Amino acid sequence: MNELVEPQTLVQLAGSGGVARVEEEWMRLVESPQATPGNLARYQPVLDELSARQKRSEAEALAWAAVETLMARSSARDVLPMAGTFLLALGECDEFRKQVTELYRTAFGDREGLDELLSEAGLAGGRPVRRALRTLDVCLAVKQGDYLVSREGDSAARIERIEVSDWNFSIKTPQKSETLGPVHLADRYEPASADDFYVLRYFDPDQLRERLENDPAAVLAD
């Protein structure tokens, strides 16, 4: 079984001007039976290098070739993280942004209010790529009753209600209840499990105390 060419090898080829060789090796890579969305996501630096050398159209073509090829043998939800990683490398590439937006439609077509969320996130245009992707990934990952932890500090929140008509999230924090739109929610919070340290600290301190007494190492590891 032939081993996959390493990302750094293709980065070096791109840096030395060997774009045609990069394209050849890339297609051999994505068509290999060993290629999966997870391991292909490691090749983002190749697209970074091509974009930095003003070869953005070539980088976009390689990114979409990988998406189309992997879609033939993987689910849209499996391919999405790779596509998002590639989009970050391409930056403000309007066509690929639209293509990734359609990939979200394929992956989450059964979700109520998806079109409204895609519009709010602004992935197809109008919002920085990283922020748009974060908005979609956070909002699509949570439901009523789930927990969140703050990106900036040691706080937590619980989702009390989601209005999918406009994707407003009613949340409860240790200090107050408030309503946030999808972009601001994802700016401030990320999904967390019910046994996350900060979730237990603020929402179930008795269980946290018991766990600290019985298995403190496991709690600190979490």
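Colleague: At what angle do helix H5 and helix H7 pack, and how far apart are their axes?

Modeller: Good place to begin! Two packed helices are described by the angle between their axes and by the distance between those axes. In this predicted model, H5 (residues 56-71) and H7 (residues 94-107) pack at about 15 degrees, and their axes lie 10 Å apart. Angles under 35 degrees count as roughly parallel, and H5 and H7 are therefore roughly parallel to each other. The crossing in which H5 passes H7 is left-handed.

Colleague: Which residues make the contact between H5 and H7?

Modeller: On the H5 side you will find Glu60, Ala63, Trp64, Val67 and Met71, and they meet Glu95, Phe96, Gln99, Leu103 and Thr106 of H7. Sorted by class, this contact of H5 with H7 has six nonpolar, two polar and two charged residues.

Colleague: Let me try another pair. How do the axes of helix H1 and helix H4 cross?

Modeller: The axes of H1 (residues 7-15) and H4 (residues 44-52) cross at roughly 10 degrees and come within 8 Å. That makes H1 roughly parallel to H4. From H1, the contact takes in Pro7, Leu10, Val11, Ala14 and Gly15; from H4, Pro45, Val46, Glu49 and Leu50. In the contact of H1 with H4, seven residues are nonpolar, one is polar and one is charged.

Colleague: Now the sheet. In what order do its strands run?

Modeller: The general idea is that strands of a sheet pair through backbone hydrogen bonds, either parallel or antiparallel. Here, five strands form an open sheet in the order E4-E3-E2-E1-E5, and the pairing is antiparallel. At the edges are E4 (177-180) and E5 (189-192), each of which pairs on one side only. From one strand to the next, the twist averages 40 degrees.

Colleague: Over how many bridges do E1 and E5 pair?

Modeller: Strand E1 (residues 147-150) and E5 pair over four bridges, in the antiparallel sense. To see one of them, look at Tyr147, whose bridge partner in E5 is Ala192.

Colleague: And what about salt bridges: which residue does Arg151 join?

Modeller: Arg151 forms a salt bridge with Glu190, and their closest N and O atoms are 3.4 Å apart. The cut-off for such a pair is 4 Å. Arg151 sits in the loop between E1 and strand E2 (156-163), while Glu190 belongs to strand E5, so the pair ties together parts that are 39 residues apart in sequence.

Colleague: How many salt bridges are there by this rule?

Modeller: The count comes to 17 salt bridges.

Technical notes:
Residues are numbered from 1 along each chain as its sequence is written. This is a predicted model: local features need pLDDT of at least 70, side-chain atom pairs count only at pLDDT 80 or more; totals for chains, interfaces and linings use all residues. Side-chain values use heavy atoms; hydrogens and water are left out. Axes are lines fitted to C-alpha atoms, for helices over the stretch in contact, and angles run from 0 to 180 degrees between N-to-C directions. Helices (H or I, at least four residues) and strands (E, at least two) are DSSP runs, numbered from the N terminus. Angles under 35 degrees count as roughly parallel, over 145 as roughly antiparallel, 65 to 115 as roughly perpendicular and the rest as oblique. A crossing is left-handed if the near helix is turned anticlockwise from the far one by less than a right angle, and right-handed if clockwise. Contact means heavy atoms within 4.5 Å. Ala, Val, Leu, Ile, Met, Phe, Trp, Tyr, Cys and Pro count as nonpolar, Asp, Glu, Lys and Arg as charged, and the others, Gly among them, as polar. Two strands pair if DSSP finds at least two bridges between them. A salt bridge is a side-chain nitrogen of Lys or Arg within 4 Å of a carboxyl oxygen of Asp or Glu.
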